Amino acid sequence: MAEVQPFQAWRYDVGQVGDLTDVVAPPYDVIDEKFQEDLYKKHPCNCVRLILNRDEPDDSGVEDRYARARKFLKQWQQEGVLIQEHDNALYVYHQEFEWEGTTYCRKGFLGRLRLEELGEGKVFPHEQTMPGPKKDRLALLNACQTNLSPIFGLYPDEENAVMAPLDQAILTLTPLVATDHLGVVHKMWPVTDEAVISQVQATIAEKPIFIADGHHRYETACNYRREREAAGELTDSSAANYVLMTFVGMEDPGLAILPTHRLISGLPELSSDDVRSALGNHFSIEEVDSAEAAWEALEMDGAQELFGIGTPADGKWLLARATDTSPMNDLAPDQSDDWRGLGVSLLHRMIVDHLIVGANEGAEPKFKFVHLMDEVTEAMAAKSCQLAVLVNPAGMDHVQSISAELERMPPKSTFFYPKLLSGLVFNPLT
């Protein structure tokens, strides 16, 4: 069962720091060096000093960054910059945002989830992980002994039964509010009512949890727990058995899986006729007037096997629909039919690796991943790639079916926007 627990979070005292906006940050993996410096300058207590402490000239090694993060955390706790919740709470979390002219409000809550080894319980991943980030996050976790950023978890709930009592509980409460660098408004309400919390726990208990974002941090939390167990420091009630997570229902109206388009370079200068020739035996192809026309057709159709393909060499756009996907049986023999039917799987394995590269010996495709149509049209105009490909995002049904089979989806299959903020709450593991 999915065991979700309330907890006594450490969080910023807005009476000390002022505007919560000045001390929060996006997840560490979307912060580049310039953005890191901007966050450092924004406020002396911005949480970037915890989640992504910068290198300093007199550092003797990478361990100094983790030690500084621990020092800041302890100092802020001692000085009252961070205060701990008096009672156990779940934290209702809303994100209000706009995307391509549509306004959304994604609703969920923050709590602690009891860790399960992936593949052994009701927690399912959907993306692959790499050892480098896990090593880094484990060193930081050992230094601070605190979950500094939430993992993004999804659960099925057509009746909205999990969120309903929380929705009622916050009607008369005033939220804490922060606005991120992209203009997304984040609102949070601590809920300490024990009856409400018990109802949420009971309702979510039998539901599977699918990790939408934060796979590295989840696996790191499992590694941290194993280390505590090996050291003889773990009991059944230890905080290290849990990890900080934001829970969002799969049917929430504000849960948008947005597209990740591909700009492909490392190919010859391909014309639309070249693409027709390479794909013709397996795709039906028609020309459309523009990228906007291609994307409108993809959105209206929604099919995973439909693609918009732009050729900067001649400025043309094609709609290509797969009519024969049988090569995927040999190209991905160890994957399920659901996996082989994903748009990104068809694009990478069949269209690019098999058909395009097969027709252009020596080609070494390189991918740039973009989300906005403006980025696609600008690349087309600048001829900075040889192919621009529009692809429909995977749906929640794909995430659920593929994850439940313990398969990992190809990279950049899903784009859950916006990112969850770091700095709203911190989960102590001691």
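Modeller: Helix axes are lines fitted to C-alpha atoms over the stretch in contact, and angles run from 0 to 180 degrees between N-to-C directions. Helices (H or I, at least four residues) and strands (E, at least two) are DSSP runs, numbered from the N terminus. This is a predicted model: local features need pLDDT of at least 70, side-chain atom pairs count only at pLDDT 80 or more, and totals for chains, interfaces and linings use all residues. Residues are numbered from 1 along each chain as its sequence is written, and side-chain values use heavy atoms, with hydrogens and water left out.

Biologist: At what angle do the axes of helix H5 and helix H8 cross?

Modeller: Two packed helices are described by the angle between their axes and the distance between the axes. Here H5 (residues 131-144) and H8 (residues 215-230) cross at roughly 55 degrees, and their axes come within 9 Å. H5 is therefore oblique to H8 (under 35 degrees is roughly parallel, over 145 roughly antiparallel, 65 to 115 roughly perpendicular, the rest oblique). The crossing of H5 and H8 is right-handed: the near helix is turned clockwise from the far one by less than a right angle.

Biologist: Which residues in H5 and H8 meet?

Modeller: Contact means heavy atoms within 4.5 Å. From H5 come Pro 133, Lys 134, Arg 137, Leu 138, Leu 141 and Asn 142. Their partners in H8 include His 216, Glu 219, Tyr 224 and Arg 228. The residues of this contact divide into 5 nonpolar, 4 polar and 6 charged (Ala, Val, Leu, Ile, Met, Phe, Trp, Tyr, Cys and Pro are nonpolar; Asp, Glu, Lys and Arg charged; the others, Gly among them, polar).

Biologist: Where do the buried residues of H15 fall, seen down the axis?

Modeller: An α-helix has 3.6 residues a turn, so residues three or four places apart point the same way. In H15 (residues 396-404), Met 396, His 398, Val 399, Ile 402 and Ser 403 are buried (under 20% relative accessible area; exposed is over 50%, partly exposed in between; 1.4 Å probe, protein chains only). The buried residues of H15 fall within an arc of 160 degrees, so they line one face of the helix. The arc is that of the directions from the helix axis to the C-beta atoms. Their cover includes strands E6 (123-124), E8 (151-155) and E11 (209-213), and helix H12 (337-340).

Biologist: Which residues does a cis peptide bond join?

Modeller: Tyr 417 and Pro 418, with omega about 0 degrees. Pro 418 is in the loop between H15 and strand E19 (427-428).

Biologist: Is Ser 272 buried or exposed?

Modeller: Ser 272 is buried, at 3% relative accessible area. Ser 272 belongs to helix H9 (residues 272-279). Leaving aside neighbours within four places in sequence, Ser 272 is in contact with Thr 311, Asp 314, Lys 316 and Leu 318.

Biologist: How many residues apart in sequence are Ala 297 and Leu 319?

Modeller: They are 22 residues apart in sequence and 8.3 Å apart, C-alpha to C-alpha. Ala 297 lies in helix H10 (residues 291-301) and is partly exposed at 23%.
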